[in-house]
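Let's take a walk through a protein together, with an eye on its aromatic rings. Have a look at the structure below before reading on.

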Amino acid sequence: MSVIPSVVTPVFRGRIGCDVRSGHYAVPHRYRLHLALSCPSCLRVAATHSLLGLQDTLPLTLLPATPDTPGGGYATLRPLYEASAHQYAGPAVAPVLSDGWTGRIVTTHVPDILRDLALRFRGAGPELLPAGRESEIAAIGDLCERSVNRAAQRAGELGLDDLAAHRDPLSVLLAALGRLERRLERQAYVLGDEITAADVHVWVTLLQLDTVHRWHLDAGAMDRVADHPALWAYAQRLAARPEFGRHLDLDGIASRHRAHCRGQEAAGAAMSIVDWRAYRV
């Protein structure tokens, strides 16, 4: 069983091409990423950017943890949005990949950003999207979004009619964690001996589970979530790497959660599984 999240169609869907004929093609210092590290999607982009060693090729602009405009966007991104779409009236949200040559947005679509970083801008970093593993990486991403993030949200919703309404999503969540646990009991990374984009997605998902979703799960549920030693040891091992640890904005995550959360917190689940602050570079 999976709990299916809603899908939001991104406003901008430009792509980075292979060469000059594509219009948008990979050129050092032409593009810029605009990210809020409190956002899990932005955090995936930031960790990917660091793993690929793109700090000197594709600069980052870090935004505040919570949006600063009434519409839920960022004032500093508003000129980019307005230059990119006539009379744009929506929120100016992150992440954004912008083009310094045109002053416009290339894309706001996270999967496209991640794919283009790995395939078009790739520096001396690992091969995060190895040929032939695309479907496996997509399946892990689906597991993270549907069966961990969304299931945790559903399992933690208070005010549902009966215990089964909580129990079924919790079963989905625990089954997904069990699948990841079995992988990581026998290998270093989700797909084997080398780090891939799947590991970035899993790591950010575990961080979100332990810093955000735990506030809405009761102590018994969190004990069962914690009972995956290989999985949480893996989360700590990645957090110890500077490509991940330097992007930990725990205060920002807490601020974003307070700003967005309208639910009631559960009792007894205040202790996190991982001491994430120990890994902040």
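Which residue lies over the face of Y25? That residue is R30, placed 5.3 Å from the ring centre. Keep in mind as you explore that this is a predicted model.

Leaving aside residues up to four places away in sequence, D99 touches H24, R30, Y31, R104 and V106. Is D99 buried or exposed? Its relative accessibility is 1%, and buried means under 20%, so D99 counts as buried.

Now for rings that meet other rings. A pair of aromatic rings is described by the distance of the centres and the angle of the planes. There are seven aromatic pairs here. One of them joins Y31 and F121: their ring centres are 5.7 Å apart and their planes stand at 80°, so this pair is edge-to-face. Y31 belongs to strand β1 (residues 31-35) and F121 to the loop between α3 (110-119) and α4 (134-155), so the pair ties together parts 90 residues apart in sequence. Y31 is buried, at 1% relative accessible area, and F121 is buried too, at 7%.

W203 and W276 make another edge-to-face pair, because their planes are at 80°, with centres 6.0 Å apart. Here helix α6 (residues 197-211), which holds W203, is linked to the segment after α10 (250-260), which holds W276, 73 residues away. Both W203 and W276 are buried. Finally, look for F12, Y81 and Y88, which form one aromatic cluster.

Methods
Residues are numbered from 1 along each chain as its sequence is written. This is a predicted model: local features need pLDDT of at least 70, side-chain atom pairs count only at pLDDT 80 or more; totals for chains, interfaces and linings use all residues. Side-chain values use heavy atoms; hydrogens and water are left out. Buried means under 20% relative accessible area, exposed over 50%, partly exposed in between (1.4 Å probe, protein chains only). Contact means heavy atoms within 4.5 Å. Rings of Phe, Tyr and Trp (its six-membered ring) pair if their centres lie within 6.5 Å; planes under 30 degrees apart count as stacked, over 60 as edge-to-face and the rest as tilted. Helices (H or I, at least four residues) and strands (E, at least two) are DSSP runs, numbered from the N terminus. A charge sits over a ring if NZ of Lys or CZ of Arg is within 6 Å of the ring centre and within 35 degrees of the ring normal.
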